[in-house]
Number of protein chains: 4
Amino acid sequence: MMNFRSDNEAGAHPSIIEALSRAYGSGSAKSFGEDAWTRRVEHRLQEVFDNPNLAAFPVVTGTVANALSLACCTPAWGAVYCHPTAHIAVDEANALQFYTSGAKLCPIDGPAGKIDLDRLAEALSQPVYGVVHHPQPAAVSITQATECGTVYTPTEIGAIAETVHRQGLKLHMDGARFANALSCAGCTPAELSWKAGIDVMSFGATKNGALGVDAVIFFDNALSTEFAYRCKRGGHLLSKMRLLSVQLDAYLTNDLWLANARHANAMARHLAAGLTKLAGTRVLYPVEANEIFVVLPAPTNDALQAAGAAYHPWPPGEGVYRLVTAFDTTPAEIDRFLAVAEGVENR
Amino acid sequence: MMNFRSDNEAGAHPSIIEALSRAYGSGSAKSFGEDAWTRRVEHRLQEVFDNPNLAAFPVVTGTVANALSLACCTPAWGAVYCHPTAHIAVDEANALQFYTSGAKLCPIDGPAGKIDLDRLAEALSQPVYGVVHHPQPAAVSITQATECGTVYTPTEIGAIAETVHRQGLKLHMDGARFANALSCAGCTPAELSWKAGIDVMSFGATKNGALGVDAVIFFDNALSTEFAYRCKRGGHLLSKMRLLSVQLDAYLTNDLWLANARHANAMARHLAAGLTKLAGTRVLYPVEANEIFVVLPAPTNDALQAAGAAYHPWPPGEGVYRLVTAFDTTPAEIDRFLAVAEGVENR
Amino acid sequence: MMNFRSDNEAGAHPSIIEALSRAYGSGSAKSFGEDAWTRRVEHRLQEVFDNPNLAAFPVVTGTVANALSLACCTPAWGAVYCHPTAHIAVDEANALQFYTSGAKLCPIDGPAGKIDLDRLAEALSQPVYGVVHHPQPAAVSITQATECGTVYTPTEIGAIAETVHRQGLKLHMDGARFANALSCAGCTPAELSWKAGIDVMSFGATKNGALGVDAVIFFDNALSTEFAYRCKRGGHLLSKMRLLSVQLDAYLTNDLWLANARHANAMARHLAAGLTKLAGTRVLYPVEANEIFVVLPAPTNDALQAAGAAYHPWPPGEGVYRLVTAFDTTPAEIDRFLAVAEGVENR
Amino acid sequence: MMNFRSDNEAGAHPSIIEALSRAYGSGSAKSFGEDAWTRRVEHRLQEVFDNPNLAAFPVVTGTVANALSLACCTPAWGAVYCHPTAHIAVDEANALQFYTSGAKLCPIDGPAGKIDLDRLAEALSQPVYGVVHHPQPAAVSITQATECGTVYTPTEIGAIAETVHRQGLKLHMDGARFANALSCAGCTPAELSWKAGIDVMSFGATKNGALGVDAVIFFDNALSTEFAYRCKRGGHLLSKMRLLSVQLDAYLTNDLWLANARHANAMARHLAAGLTKLAGTRVLYPVEANEIFVVLPAPTNDALQAAGAAYHPWPPGEGVYRLVTAFDTTPAEIDRFLAVAEGVENR
């Protein structure tokens with residue numbers, strides 16, 4: 001295949017597919033989330049995150065997971081801070097502004113896809129609090145793993161959280177690739193989330209072996225009181241909720257989610273290691289999750305394309321490419337990819 | 001089982017489950033709807049509706065199908081007319097107002113869940129057009145089958161459409177149970193939709209054997225130009241779109257959707273016929289689709305509940321109950337239900 | 001003149017004009033409402049309403065007074081109940097839905113422009129509270145004087161308030177013609193508002209001698225916490241707030257507002273008395289404020305139009321007309337109007 | 001007085017006050033903008049801007065002028081570009097996002113309050129057009145005079161317009177201090193607006209001698225079709241519209257607006273000239289309109305405050321202060337201000 005376009009082009013893990021088949025073949029179930037799978041998912045997440053009080057809600061896309069969770073953190077006249085490359089800023093067609101009734105997005109730049117702490121602290125220390133003219137600082141969103149494939153450490157998150165909470169804001173994590181980040185971080189899910197100061201997160205499964213489901217997890221439960229209404233009026237409350245819950249249930253069973261992410265990350269490291277050895281290529285950021293951003297010489301790119309390898313220029317026109325591995329990427333694909341690239345080098 | 005609570009509590013048809021399993025086991029596919037299944041669904045719908053120009057978009061709930069399709073028909077200062085019992089009016093947590101940025105819902109009453117044509121004509125003839133103070137009449141939405149389990153005939157739809165189009169409004173159909181309505185109407189899908197004057201519809205599959213998917217179908221293609229943006233910013237564009245498309249593809253294959261609806265309707269007729277024979281019960285509306293609204297004597301209700309039958313009071317506290325059949329309702333369930341009810345009568 | 005089209009076509013009372021001239025000729029003042037006039041207006045309203053805790057905010061139109069005050073009473077997934085003829089329902093271009101991010105308007109009919117208490121009680125007793133699908137009942141809005149020129153008594157308001165508060169909703173009053181209503185009711189402002197159970201009101205001045213200003217008055221102060229942000233993001237916080245405050249200050253000075261309304265009402269009664277004596281005319285509702293709705297024979301209407309009288313058909317095409325008096329209507333105008341009408345009768 | 005806090009703290013010019021008094025003393029007038037003054041204002045603006053096709057609408061604040069005009073330029077999924085210091089970005093409580101139903105604001109930095117052309121061109125050349133995930137570039141807004149008191153030349157505007165229009169976007173000007181900018185630019189109003197490429201502008205009067213009114217002016221008339229509905233549902237259509245129109249009418253009569261701005265600018269230059277001579281002070285930007293941003297030594301600031309001078313730190317805590325002159329600033333005030341400051345220097 002040699003398809004490195006995106007982890008969202010992958011299929012789904014067999015055990016998740018089978019769970020879904022079983023669940024829908026087993027007759028009727030209460031609708032709108034009052035079924036056993038939905039309850040079990042919340043329970044499983046409470047165990048995984050070592051937090052018996054968290055509230056969790058399955059949703060069908062990462063975009064709405066982000067928009068709904070942040071809508072619970074900010075008024076319409078609020079400001080939400082994020083890295084300028086964040087998915088909520090550039091890839092979600094203003095879903096955040098839609099669900100928040102018009103909150104402002106404020107970019108805080110920083111290297112390798114991470115918010116710079118000093119810039120954030122400066123932005124949050126502006127004398128705008130309670131002044132009716134100014135958008136009111138309400139929430140900060142970090143992406144884990146970042147849009148550069150790097151991973152915030154618990155210590156980094158903790159420092160951001162301290163800055164965020166000092167001013168009374170909420171800290172959100174877009175964890176579309178949380179499993180991949182966790183696999184790199186070498187800590188517990190709790191340590192990479194609420195123990196580090198995350199108040200609410202989008203917990204991704206779609207990119208890591210599910211058919212299509214993410215979850216919103218509230219560690220600060222007071223934030224979740226309006227979630228059900230917001231979700232419903234967004235058209236995101238499924239009558240046959242098991243479509244989503246069953247996926248998450250299987251995803252969390254027997255640490256499947258961790259195994260999937262571990263594999264994807266290992267494939268990325270394998271691929272990066274090979275690329276690094278090639279003359280003329282340059283890997284742009286530390287490969288900590290399952291994404292590689294690499295400068296490829298034009299002949300290498302041409303040869304790879306000709307051989308059927310698939311990946312996106314990122315951004316277009318600059319000779320930089322993004323390669324994404326997934327739960328079902330095979331070593332053979334990578335070996336073939338590297339062999340093609342090495343062949344160019346050796347011509 | 002004797003579960004007549006709702007057709008959204010049913011499982012899914014095996015052939016749809018199998019199609020989904022196959023699709024996700026077959027490796028990677030382009031994301032965001034650029035896959036083969038999504039294209040094929042639109043093509044199948046063009047064939048089913050005998051209309052090569054329609055545009056179709058899979059979505060995960062009927063609520064968002066309604067909200068997104070109507071958002072393409074009205075400005076924020078517009079008015080949307082519907083029956084006071086319509087799902088968009090009372091069961092969708094203001095999703096319509098959310099997606100339209102605040103359009104006004106205007107109830108038009110009428111017997112048996114259908115909009116009264118004269119009342120509609122009077123409402124649409126008010127001298128408000130172009131007057132900036134007044135909500136601007138923009139769209140009418142009818143529900144097929146209605147919330148009373150009745151079915152608009154093509155002639156009835158045509159008369160409404162004529163009134164609607166004369167004033168320049170658009171006509172929307174909430175077809176959450178379109179298959180059930182079609183099975184009763186004894187005409188073609190085209191005759192029950194665009195040939196009768198429907199401009200855009202929500203095409204339900206969730207309640208008729210799918211795992212969870214509906215579609216928005218634009219017959220007036222000019223309305224669809226902004227759909228993709230509206231869908232995305234609502235968080236409703238799935239990266240792994242096959243989750244939805246594959247279901248619709250299987251649903252439309254070999255007329256499965258028609259067979260499912262035919263069965264559900266037959267079960268409803270069977271149940272209604274038995275109920276009608278019982279003393280003290282009264283079926284409130286013609287049973288034309290898969291819903292029955294029935295007055296049950298208290299002892300009958302008590303005995304059915306005790307025997308494990310499940311159904312909702314509709315509305316609560318008035319001795320009226322709703323019974324819904326589905327694609328997987330069995331004659332045995334109905335026979336047992338009726339036997340219990342008859343047993344009370346004969347005591 | 002014989003202009004009975006609307007009290008919003010009148011000029012302004014000289015003492016309000018003079019106050020504005022003085023205020024703007026007196027040099028600089030703090031902006032955004034931190035000036036002395038704005039503070040004094042709130043203080044005057046606290047005295048007028050015998051309520052030292054009320055919070056008051058001047059705004060430039062009645063439409064935004066209604067929209068902003070109700071936006072403080074309902075979530076986006078809420079329902080607001082009002083008479084089907086209410087200004088918020090039919091004359092404000094969905095401003096309510098805009099400012100509430102999409103609340104639903106539910107009509108509660110009743111004779112003579114007043115909400116029928118039984119219908120309201122029935123609507124509010126539906127089992128929808130806390131059920132995520134249904135718009136959540138949040139507020140009721142009554143119009144004082146009504147769109148039929150009638151006036152709710154304190155007893156009537158009290159009964160509505162009791163029903164409203166029992167269910168935990170808020171009661172809003174659109175008091176665009178509150179002064180006219182008060183002049184009829186023969187009670188204190190407090191008795192016609194918070195003592196009867198009003199939580200928040202739009203207090204009109206524009207139609208009663210001001211150049212253009214109304215106020216939002218919160219009796220339930222907890223509702224007002226977000227008002228300033230909502231007002232500002234609506235573009236309704238004037239930097240030179242004295243434009244509005246000074247008008248209200250003069251309006252409330254020496255009971256000018258009461259005198260203006262008393263005069264307008266007296267003129268309406270005078271006109272209605274004359275019309276009642278004419279054959280073929282029929283006054284439709286009790287004339288309790290400054291509006292008359294009257295059936296005029298076509299020859300009478302023709303003669304009046306020919307003589308230069310100005311008034312609106314209400315609604316068009318039915319032989320019914322609305323006549324509105326104002327603070328500056330003169331007895332001579334009315335006498336001339338009646339003389340023309342009587343002349344037709346005596347031909 | 002020595003009040004240099006803001007030009008929005010000034011009173012109003014006597015001839016505008018008198019015009020308002022006359023207009024409201026002259027009896028009734030058609031409501032909702034169908035009066036003679038409103039029509040005349042549009043006509044006057046057509047003359048002033050040498051453009052018989054422009055459409056103009058009076059509104060009560062600059063905030064809503066900006067929000068409404070930009071709402072006519074962008075869909076909810078659009079992106080609006082402006083300088084990070086722009087009023088729409090930091091001083092309007094997300095009014096832009098509110099009126100656009102959630103458009104994204106994108107900061108484009110540049111020196112002295114002006115958008116940097118190269119950065120803008122780069123931002124607008126991103127490959128996001130027609131890609132559903134990305135906010136769609138829709139409009140650029142420049143502020144004239146800028147938030148640093150500098151003025152875009154017609155040439156600078158033309159270059160921006162060329163970049164903006166090449167990509168199909170619209171160019172908006174926040175002209176809250178357009179008169180002051182014009183007075184500096186030494187060209188015609190047309191040359192500083194539509195001839196340079198402005199499609200729609202907010203035309204300020206509040207800060208330059210009015211009681212409180214700005215206008216939205218559409219040079220691209222196709223943009224204005226929805227304005228009336230948007231304005232009304234925002235609660236910004238005054239029934240007694242003459243409150244706003246009369247002010248603009250007088251403001252534009254006999255070039256009053258130009259004289260007022262010329263005076264304010266002259267006062268600013270006078271003040272800046274004096275400040276520049278003082279040791280330890282530093283004027284930060286070219287003083288081209290009526291605002292001065294100056295570093296003041298602490299003793300100077302202390303002495304000025306003690307002497308009753310009023311002005312804002314800008315931003316707080318950095319020793320920088322903003323001084324704003326207005327149409328009614330007197331040379332005596334400035335001389336006294338400078339005398340106090342010089343007195344400190346000479347101690």
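The structure is a predicted model, in which local features need pLDDT of at least 70, side-chain atom pairs count only at pLDDT 80 or more, and totals for chains, interfaces and linings use all residues. Residues are numbered from 1 along each chain as its sequence is written, chains are lettered from A in the order in which they are written, and side-chain values use heavy atoms, with hydrogens and water left out.

**Relation of the two chains**

**Interface of chain C and chain A**

- In contact (heavy atoms within 4.5 Å) are 16 residues of chain C and 16 residues of chain A.
- The two chains bury about 1,500 Å² between them, 71% of it on carbon and sulfur atoms; buried area is the accessible area (1.4 Å probe) that two parts lose on being put together, summed over both.
- Trp77(C), Val132(C) and Tyr229(C) supply 49% of the area that chain C buries against chain A, more than any other three residues.
- Zero salt bridges are found across this interface (a side-chain nitrogen of Lys or Arg within 4 Å of a carboxyl oxygen of Asp or Glu).
- Helix H9 (residues 227-233) of chain C gives five residues, the largest share of the side of chain C that touches chain A; helices (H or I, at least four residues) and strands (E, at least two) are DSSP runs, numbered from the N terminus.

**A sheet in chain A**

- Four strands of chain A form an open sheet in the order E8-E9-E11-E10, with antiparallel pairing; two strands pair if DSSP finds at least two bridges between them.
- Strands E8 (282-283) and E10 (312-313) of chain A stand at the edges with a single partner strand each, so one side of each has no neighbour in the sheet.
- Val283(A) has Val294(A) in E9(A) as its bridge partner.

**Backbone features of chain A**

- Most residues other than glycine have a negative phi, and most peptide bonds are trans.
- Gln144(A) and Ala145(A) are joined by a cis peptide bond with omega of about -10°, and Ala145(A) lies in the loop between strand E4 (136-143) and helix H7 (154-166) of chain A.
- The peptide bond from Trp314(A) to Pro315(A) is also cis, with omega near 0°.
- Ala112(A), although not a glycine, has a positive phi of about 55°.
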